[in-house]
Amino acid sequence: MNLRLINRGFRFVVRGLKTMSFPDSPAKASICCEDVEGTPPTYAMYEALKDSCQNNAQYFQPDESENGQRLYQGFMTLIDHIDTVWPLVDRVRKVAPTYDFDAKSPGNGYRSFVSVVDSCILHGLKLSRQVCTGRDALLFRKGYFVKEVESCSQLLASLGTCLHHLHTLISWAEPGDLFPTEAHSPEELFSKADTINQYCFYGRCLGFQFAPSIRGILKGISICMAGFSEAYYSQGNLISSVWTGGQYLIDPELRARRIVNISQSASVEFCKAFWFLTESEIMRRVPSLMSTTVAVNKLITITPVPIVVTTLEGKETTVLPPNSHIGLHDLNVRLISVNKRNGMTGETSTLPPSDGVMFHCHGGGFVAQSSKSHEGYLRDWAAKLNIPILSVDYSLAPQAPFPRALEEVFFAYCWLLNNLKEIGTTGKRIVFAGDSAGANLLAGCTLKILESGIRLPDGLFMAYAPLLVSFIPSPSRLLCLMDPLLPFGFMMRCLKAYASPNSKGKEEKRGNKELTSSNVTTPVDGNGFLKVSTSQEGISEGPSSFEEVSPSDLAELQAHKSGSERRQSSDTTISAASLQSEHTATGVSPSEDKSQQYVSDFLDRYVFDSDTDSEGRRFPIVKPNDRASPREGESEASTTLVAEPPLIDDADGKDKKRIKSRISEAATGIMGAMSSGFAYMTDSNSITGPTQEEMAERTNLDSLIARSPSDEFMFSVPRDPFLSPYWAEDKLLKQFPPLRILSVHMDPCLDDCVMFAKKLKRLGNEVEIDVLEGLPHGFLNLSLMAKEANDASLKCIERIKQLLDLENASGSENNDL
């Protein structure tokens with residue numbers, strides 16, 4: 001009798017778990033480690049998934065078809081992974097709250113990973129219930145759900161490996177400290193657990209940890225990244241099919257392979273080229289069409305002459321123009337204002353100067369983008385804050401590594417202090433604001449200001465800032481292993497290009513050696529990140545002869561110039577003596593520089609055609625996919641994507657041999673086209689093109705696939721507070737102005753922000769931090785595309801307003817509209 005009651009009670013609990021309502025993915029990191037009244041216990045969520053998987057496994061066990069048995073095995077494997085992951089995540093869940101900045105601002109890398117695992121469970125629960133609901137339907141797609149279930153299982157297994165790494169990090173650090181107290185190399189971390197399978201993060205489950213509206217955007221960006229890599233490494237018209245929908249859209253596994261491979265193998269030049277797509281002619285017009293209209297949008301050229309500024313003690317000091325690495329060059333700054341103001345250079349207005357001004361630095365990993373690519377949200381900020389914004393177009397790495405950009409930002413700030421009236425402000429309140437790399441530069445600039453003794457800004461706002469460039473393992477750093485916008489390889493190569501361009505392992509001519517594990521270098525010291533193969537190294541001091549110039553080097557020289565090189569073109573800047581709006585009355589805007597022209601030509605050639613609307617105006621359209629199948633007399637290989645052969649299970653191996661043959665033929669067929677293409681971009685036909693072996697190796701990124709992240713990167717970074725503001729002395733940090741930090745739970749730099757805020761709080765500084773849900777690193781650039789990103793941008797405005805504090809600074813004088 002008692003046994004029957006127990007069985008009935010168990011069935012009641014199971015039935016309750018079946019019908020229990022759980023939130024949609026992603027799980028909120030702010031509450032994933034706490035018991036919140038009204039929400040189901042987290043353990044019940046894991047049990048509900050196990051119960052649903054068990055139900056489906058029992059259903060498909062008698063199914064003797066291949067897909068039926070794979071579904072049975074997939075659900076049973078999911079159950080095993082849940083049993084393995086639960087105790088691991090439970091321990092992290094219990095300790096995660098102790099690492100928060102404060103109770104009002106829950107957020108750290110441990111919380112983030114707990115949220116990621118919970119989101120995976122929710123994703124699996126939704127998937128399992130979809131199978132349970134539709135498995136009896138006539139049109140139930142077993143093949144589709146087989147891949148979905150297996151992908152979810154692989155995802156949970158990889159997260160289990162990450163959790164093992166988190167347990168190691170917990171043992172390396174003091175309670176509440178996100179950084180280890182002793183020197184530990186990343187090799188030591190990754191050696192304590194199995195290799196992380198990154199493919200599952202970029203395939204069918206891509207973006208599962210982000211807000212639903214963000215997932216579609218991230219998927220589109222990932223498809224663009226994979227397609228652009230085809231163009232970048234092949235330079236042929238074969239990639240038109242990719243850009244018109246292509247197999248990266250319909251084949252998530254192929255997309256995942258491509259993204260992981262380019263992340264781990266592509267050089268920093270590829271990162272620059274891809275991110276510069278945001279500055280193509282089409283993308284340059286987006287802010288003016290979709291964002292707030294502004295009255296002033298100008299580029300101002302600051303000439304490289306010494307600037308005399310007055311210190312707080314009333315003494316005059318001379319600030320020399322930046323000279324490191326690339327010598328003396330003009331410096332561009334962009335002035336954005338929603339209103340024309342009296343005294344503003346080149347403008348006439350009865351509106352008095354604003355009491356406040358924002359000094360801004362854009363993100364882009366220190367290697368890409370400009371004030372133009374960040375104009376979308378800057379226009380909105382200028383309108384809602386009603387102050388002028390001055391954004392600095394600093395020089396970019398690897399041509400201009402540290403400390404060049406920092407010197408230019410400091411120089412631009414000194415120029416601002418002497419030209420407040422020309423900017424349209426009284427300068428009563430000056431606030432620094434920057435995101436990502438720009439936030440790092442502003443924090444370093446604040447340190448230089450403190451050392452120079454000149455006027456400090458009245459506040460500092462930083463969004464998702466990397467404040468510890470040197471790699472010290474922390475939980476949030478592992479998030480870049482699954483980040484669609486900031487993949488692991490991209491982040492490492494960008495940091496290396498900026499912080500350590502002259503480290504060992506210079507790029508060698510491909511073809512001299514095979515890319516094997518024997519070519520991997522060893523760490524310089526314990527301050528490195530991860531090892532890098534000498535043949536895959538993306539940064540070098542420069543080739544010693546034309547024979548050593550690779551196609552990507554030539555494309556970089558012509559197409560992806562740094563900010564300092566772009567400023568040499570008179571077409572892209574306006575001298576201080578003849579300032580005029582970018583959008584003049586005649587509608588003529590400054591012509592693109594060559595880097596913009598390269599991207600524009602790429603889009604025009606492969607992606608966009610043009611058509612005419614009803615009013616006779618030309619507008620771009622996507623070109624039709626007329627290369628989807630081989631034409632008569634054309635080899636089949638010419639329409640095949642070279643870099644990524646599809647995964648085909650064939651017992652006799654005939655298809656695999658055919659694929660290899662097609663890869664070889666395609667590599668040979670496009671070699672001539674690539675050589676002429678690169679010669680055209682460099683305005684020279686005398687430079688010898690790459691050999692067939694080099695081309696085959698470059699185009700087939702699968703040959704460069706990494707065995708483990710720890711086999712890919714190695715570089716040494718100096719412990720310089722101007723490079724990593726977290727290392728600054730307490731006596732300088734204590735003098736920092738009021739600080740507002742905004743980050744997101746899925747940001748690889750989250751722990752930098754939390755630990756920096758903790759350090760300032762301990763010193764008695766005024767500092768607050770916000771950690772937002774469901775958004776990726778760099779969300780400000782998505783503010784025109786997603787509601788959640790736009791809401792986060794409004795949160796940034798709110799925090800900047802607090803720092804401006806214009807009402808207390810000038811009473812009602814600022815209400816001049």
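**Exercise 1. Describe the hairpin of β2 and β3, and state which residue in it takes a positive phi.**

Step 1. The hairpin of β2 and β3 has five residues between its strands, and Gly 314 takes a positive phi near 85°. Strands (E, at least two residues) and helices (H or I, at least four) are DSSP runs numbered from the N terminus.

Step 2. Strand β2 covers residues 307-310 and strand β3 residues 316-319; the two run antiparallel and are joined by four bridges. Two strands pair if DSSP finds at least two bridges between them.

Step 3. Ile 307 has Val 319 in β3 as its bridge partner.

A note on the basis of these values. This is a predicted model, in which local features need pLDDT of at least 70 and side-chain atom pairs count only at pLDDT 80 or more, while totals for chains, interfaces and linings use all residues. Residues are numbered from 1 along each chain as its sequence is written, and side-chain values use heavy atoms, with hydrogens and water left out.

**Exercise 2. Give the strand order of the open sheet of eight strands, and say which strands stand at its edges.**

Step 1. The order is β1-β4-β6-β5-β7-β8-β11-β12, and the pairing is mixed.

Step 2. The edge strands are β1 (296-302) and β12 (767-772); each has a single partner strand, so one side of each is left without a neighbour in the sheet.

Step 3. From one strand to the next, the twist averages 20°. Such angles run from 0 to 180 degrees between N-to-C directions, and axes are lines fitted to C-alpha atoms, for helices over the stretch in contact.

**Exercise 3. Locate β7 among its partner strands, and identify helices that pack on the sheet.**

Step 1. β7 (residues 425-435) pairs with β8 (residues 459-463) in the parallel sense over five bridges. Phe 432 stands opposite Leu 460 in β8, and Gly 434 has Met 462 in β8 as its bridge partner.

Step 2. β5 and β7 also pair in the parallel sense, over seven bridges. Here Gly 356 stands opposite Arg 429 in β7.

Step 3. Helix α17 (residues 437-452) packs on the sheet and touches β5, β7 and β8; its direction makes about 130° with that of β7. Contact means heavy atoms within 4.5 Å.

Step 4. β7 is mostly covered, with nine of its 11 residues buried. Buried means under 20% relative accessible area, exposed over 50%, and partly exposed in between (1.4 Å probe, protein chains only).

**Exercise 4. Compare two helix pairs: what are the angle and the axis distance for α14 with α26, and for α3 with α4?**

Step 1. Helix α14 (residues 375-385) and helix α26 (residues 787-804) pack at about 45°, with their axes 10 Å apart. α14 and α26 are therefore oblique to each other. Angles under 35 degrees count as roughly parallel, over 145 as roughly antiparallel, 65 to 115 as roughly perpendicular and the rest as oblique.

Step 2. The crossing of α14 past α26 is right-handed. A crossing is right-handed if the near helix is turned clockwise from the far one by less than a right angle, and left-handed if anticlockwise.

Step 3. The α14 side of the contact includes Tyr 377 and Trp 381, and the α26 side includes Ile 797 and Leu 804. The residues of this contact divide into eight nonpolar, one polar and three charged. Ala, Val, Leu, Ile, Met, Phe, Trp, Tyr, Cys and Pro count as nonpolar, Asp, Glu, Lys and Arg as charged, and the others, Gly among them, as polar.

Step 4. The axes of helix α3 (residues 66-95) and helix α4 (residues 109-134) come within 11 Å and cross at roughly 155°. That makes α3 roughly antiparallel to α4.

Step 5. α3 passes α4 in a left-handed crossing. Among the residues that meet are Phe 75 and Val 85 in α3, and Tyr 110 and Ile 121 in α4. The contact of α3 with α4 divides into 10 nonpolar, one polar and two charged residues.

**Exercise 5. Where is Asn 781, and which residues does it touch?**

Step 1. Asn 781 lies in the loop between β12 and α26.

Step 2. With a relative accessible area of 28%, Asn 781 is partly exposed.

Step 3. Not counting residues up to four places away in sequence, Asn 781 touches Gln 369, Ser 373, His 374 and Asp 435.
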